[in-house]
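Subject: Structure for your review

Dear colleague,

Please find below the structure I am handing over to you. My findings follow it.

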Amino acid sequence: WESKSFSRLTTTIAKMAFGCLNLSTLEVKKNCDIVSSSLARNKNTMNELLFREKEMGHFHTLLENALNCQLYRGVQEITHVSGPLAVGKTFLLDEVRRLAAGRGIPVSKVDFSPEVEIVTDYTHRERVGDRYAGETGKIKLAEDVMNGLILAADAPASRDIKPDDSPQTAIQVFNNYNHWLKFFLNRSTMLIIDHLDEAPPEIHDWLMTAFIPAIVEASQEPINMYGPAPTLVALAGRIPLRSTHFSMPCKAMRKTEELPIRPFTREQTQIADNRNLYSLTGGLPGLIEHIEQLPVEGLNDPIEQIRSVVEQVILPEIKPDDPDGLFAIAATNRVDIPTIMEVTGKKTRKEAWALLRPLANSGVVLDHPDGYGHQVVEGLRTPLRTYSRRIRPDLFAQVNEAAAAHATGEIQQGDFASVLELIWSRACLGDSTRELEHQMGDTLLAAASNLSGDRLVELRAKIAVEVNSEDFRDILPPGAAVSLKQIALISG
């Protein structure tokens, strides 16, 4: 498996399957893992696996360290995979599960997706939210997790796990199972929890403040002369853990490593599908796959494609109270509360916040990186903006007119950073690239006499980043490009 000839073979097979992709940066063993586990699957799956090289490499290292019992020396045991819907979190965890199983590491998985049902016997099915509700639900969850490890390890069931019929807490149940299982296995295990933010609130808090810390602490206990056999924990949700409001209760949880997954770039989207689907999917693999599964009559109709993506996938998943409010927020680069009030007809700031808060809590809307205003999360931002532009042009124009007016007022008051919002909104409204260049150049010329040298350099750098971003290129007419050289000439 480590031979150079096999490395050349796997690289050749991958290039035949995916086109001219450079796999030279992958280690030989990673080539084996990626190609051997994927040869039987379709092109989309294999493309996605290659584009997730960095994330798979993270788990590859964790699994190798777990097999060598090195985790207790300070390497992270808990990984939280975060990203928007349809970005491929479940896909990644399924690949990690296969990778672990191939190394003989038993894996137990819990999925809190509302669509998941648990078959408790041949005739009875339970929704995850119903099965794990309340204190009895916590005990069932602990039992299901540990029974999953027993099944994955092909270990015999033990009647001694519950020593008597006295009432026990979920943590006691876990400890009883864990002590027996670790002594039987004498090797590392893995727990995967998918759709963590879909868990009932009391179960979510209990997982993060009690159950997972108990697993980590149990991982540190030596079971033989060689030391502990650690339990890896992989979590997945739309919102980064650092953005949630619960406190990390122990040192192990505070050391949780965040692993964000980003959508495909425009170039990767082009490789995944020969058509230009970036403006329709935002580079989200789940949306690319959805378009490819449309009926034949909808495959080449952009209007039908964007309708299907938004109305059949995004909106049913997000369930916004006010879809127009979501389209308004996605229509431009940045939106603030006054703009939301103007374009949605909300009378008070409280009503505007009531629209915004559920979207923020579900990870759909984030604070803008500059700290002022809000924007839809990367990936969802592009298809929602395309839908608003093509299906709701009246709303799209209204939002950008309001945003442009607000940015103009801010610039007149000396906030020259608002030029980015003005340019963005004017581009959405159809201004030519020459007009955009003159607007940016004139603003920089005015800023030169009002800003210090460092702040002016910072503003120029922000404009350079913005006009070269994939989002900005997406709203310009095909083939159009804003020239930074031309802006520099205009601004002197």
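Predicted model: local features only at pLDDT ≥ 70, side-chain atom pairs only at ≥ 80, totals over all residues.

Glutamate 458 forms a salt bridge with lysine 462, their closest N and O atoms being 3.8 Å apart. Both residues belong to helix 22 (residues 453-467), where they are four residues apart, about one turn of the helix. Lysine 462, at 29% relative accessibility, is likewise partly exposed.

As to the chain as a whole, it has 492 residues, of which 51% are buried. Its secondary structure amounts to 24 helices and nine strands. Among contacts with a separation of 6 or more, 68% are between residues 24 or more positions apart.

The count of salt bridges is 17. One of them joins aspartate 474 to arginine 266 at 3.8 Å, N to O. This pair links distant parts of the chain, since aspartate 474 lies in helix 23 (residues 470-475) and arginine 266 in helix 11 (residues 266-272), 208 residues apart. Aspartate 474 is buried, at 17% relative accessible area, and arginine 266 is buried at 18%. Glu198, Arg238 and Glu317 are linked in a salt-bridge network.

Within helix 14, arginine 307 and glutamate 311 meet in a salt bridge at 3.3 Å, N to O; being four residues apart, they are separated by about one helical turn. Arginine 307 is partly exposed at 33%, as is glutamate 311 at 35%. At the start of the helix, a side-chain oxygen of aspartate 301 comes within 3.2 Å of the backbone nitrogen of isoleucine 303. Just after the helix, lysine 319 adopts a positive phi of about 55 degrees.

Finally, arginine 52 sits in the loop between helix 3 (43-51) and helix 4 (53-67). Arginine 52 is buried yet has no salt bridge, and the nearest side chain of opposite charge, glutamate 55, is 4.5 Å away. The side chain of arginine 52 does reach the backbone oxygen of arginine 262, at 2.9 Å. Beyond its neighbours within four places in sequence, the contacts of arginine 52 include Val87, Phe264 and Pro285.

With kind regards

Methods:
Residues numbered from 1 in each chain as written. Heavy atoms only, no water. Helix = DSSP H or I, 4+ residues; strand = E, 2+ residues; numbered from the N terminus. Buried < 20%, exposed > 50% of the residue type's maximum accessible area, 1.4 Å probe, protein only. Lys, Arg positive; Asp, Glu negative; His and termini not counted. Salt bridge = Lys/Arg side-chain N within 4 Å of Asp/Glu carboxyl O. Polar contact = N/O pair within 3.5 Å; in protein donor to acceptor, adjacent residues only side chain to side chain. Contact = heavy atoms within 4.5 Å.
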